[in-house]
Amino acid sequence: MQPIEIKPGVYWVGGIDWDLRYFHGYVTPHGSTYNSYLIMDDQITLVDTVKHYLADEMLSRIRAVVNPEKIDYMLVNHVEMDHSGSVPKVMEAAPQAKIVTTPKGKKGLEMHYKQDWEYILVKTGEELKIGSRTLKFVQTPMVHWPDNMVTYIPEDKLLLSNDAFGQHIASTERFVDQLGWDIVHEAAASYYANIVFPYGDQVNKALDVVETLPLEMIAPSHGLIWGSYLPELLKEYRKWASNETDRKAVIVYDTMWGSTREMALALQEGIEDSGVPVTMKSLQTNHISQIVPDILTAKLVLVGSSTINNGMLPTVAAFLTYIKGLRPKKRTGFAFGSYWLGRSGSP
Ligand SMILES: Cc1cc2nc3c(=O)[nH]c(=O)nc-3n(C[C@H](O)[C@H](O)[C@H](O)COP(=O)(O)O)c2cc1C
């Protein structure tokens, strides 16, 4: 349970969720981490916490650096329970600590935890001096909840980005270059596609601010820390947020007796023959959350279903419901399917 010093005096003290396989409708085959950061300065500050069942793991990492009762500020960038779930335990250990959060963050914490904590409310453009460091706050509403903000420390050129730039990977490695760009980029794309996709406009606005900051490190609240590949990462986020796609196609389908699959294969062959890369995803063998990363950068999306009881297969309906909520834009869609012939009233 060792803390990891990511910058002099700034420690990763989070929790590793090795067994997480399903996270609010999203499959997470590699588990995840909840990243908390302990800043040792005149005012000792803990940035975000972990899911409630990893509170002891987080506290033992904190104890390896400092007695938790010395914590002055509990900074909450986001109220979602994977990051705030251990705030009650931290506040028990450090009853004199003040919670630093946005007005919406306070409202969320009060509704969730019903505790009479002391708050310092902050918003975009405001700063909090904690000694040799300054915490600068940038609200990022709807990336991906109304209360979200990120915190920038200019003295360390460090952005504590909360869910932005995160990835679901459980590992003992803490930095992207330890696992490599390919693995972490794939997980970051999957995270973006499943969690952040609907909020491209807000992400672009946040990127307008982030790109002006001198940056050496982006430390998100899930997965690996970006101490390298920052230009590449920001470029990818800009591309995803702007719905820029590549000349490639994804075929998503389900079938009862195989006719729709035959159509899917014929489409795949035709598209491939025209020189466009294409991938096929059966809804029988892929979870919907494993398909949307392909759609994140594909220009052409083809969806096929056999007809059942005058409608589409429930797996296809579920996929369409999910993708509708994620609001991909600037793509071309194509529907295909198979049905009865000769029955009165059938198509
Ligand atoms: C339980 C069941 C319900 C069906 N309901 C309809 C229907 O309402 N309308 C229709 O045109 N075909 C219906 N069909 C026929 C199938 O859509 C048709 O056989 C189609 O070719 C199957 O495509 P697939 O081979 O891709 O599964 C139904 C078939 C089954 C097994």
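Domain bounds in this predicted model come from an automatic or database domain assignment.

Q: How far apart do the C-alpha centres of domain 1 and domain 2 lie?
A: The assignment divides the protein chain into domain 1, residues 4-241, and domain 2, residues 246-338. Between the C-alpha centres of domain 1 and domain 2, the separation is 35 Å.

Q: Which element gives the largest share of the side of domain 1 that touches domain 2?
A: Contact between the domains involves 11 residues of domain 1 and 11 residues of domain 2. On the domain 1 side, β5 (26-27) and α6 (181-196) each supply at least two residues. The largest share, 5 residues, comes from α6.

Q: How many residues of the side of domain 1 that touches domain 2 are nonpolar, polar and charged?
A: Contacts to domain 2 are made by 11 residues of domain 1. Sorted by class, this side of domain 1 has no charged residues, 3 polar and 8 nonpolar.

Q: Which element gives the most residues to the shell around the ligand?
A: There are 15 residues around the ligand, and M256, W257, T260, S306 and Y339 come nearest. Two elements, α9 (259-273) and β19 (298-308), each supply at least two residues of this shell. With 3 residues, the element that gives the most is β19.

Q: How do the residues of the shell around the ligand divide into nonpolar, polar and charged?
A: The shell around the ligand draws at least two residues from each of α9 and β19. Its residues divide into no charged, 10 polar and 5 nonpolar.

Q: Which strands are the edge strands of the open sheet of 5 strands?
A: This open sheet has the order β12-β13-β14-β15-β16, and its pairing is mixed. The twist from one strand to the next averages 20°. Pairing on one side only marks the edge strands, which are β12 (127-129) and β16 (217-220).

Q: How many residues of strand β14 are buried?
A: Strand β14 spans residues 149-153 and is mostly covered. From β14, M149, T151 and I153 point one way, whereas V150 and Y152 point the other way, and all are buried. The count for the strand is therefore 5 of 5, taking 20 or more other C-beta atoms within 10 Å as the criterion for a buried residue.

Q: Which residue in β15 is the bridge partner of I153?
A: On one side, β14 pairs with strand β13 (residues 134-139) in the antiparallel sense over 4 bridges, and F137 stands opposite T151. Strand β15 (residues 158-162) is joined to β14 by 3 bridges and also runs antiparallel to it. The strands β14 and β15 form a hairpin with 4 residues between them, and K157 in the turn has a positive phi of about 50°. Across this pair, the partner of I153 is L158.

Q: Which residue in β16 is the bridge partner of L159?
A: Strands β15 and β16 pair in the parallel sense, with 4 bridges. In β16, the partner of L159 is I218.

Q: At what angle to β10 does helix α4 run?
A: Strand β10 belongs to an open sheet of 7 strands with mixed pairing, in the order β1-β2-β7-β8-β9-β10-β11. The edge strands of this sheet are β1 (4-7) and β11 (119-121). Strand β10 (residues 98-101) runs parallel to strand β9 (residues 73-75) over 3 bridges, with I99 as the bridge partner of M74. Helix α4 (residues 103-113) lies across β10 and β11, and its angle to β10 is about 125°.

Note on methods. Residues numbered from 1 in each chain as written. Predicted model: local features only at pLDDT ≥ 70, side-chain atom pairs only at ≥ 80, totals over all residues. Near = placed C-beta within 6 Å. Nonpolar A, V, L, I, M, F, W, Y, C, P; charged D, E, K, R; others polar. Buried ≥ 20, exposed ≤ 12 C-beta atoms within 10 Å, placed from the backbone. Pairing = 2+ DSSP bridges. Contact = placed C-beta atoms within 7 Å. Axes fitted to C-alpha atoms, helices over the stretch in contact; angles between N-to-C directions.
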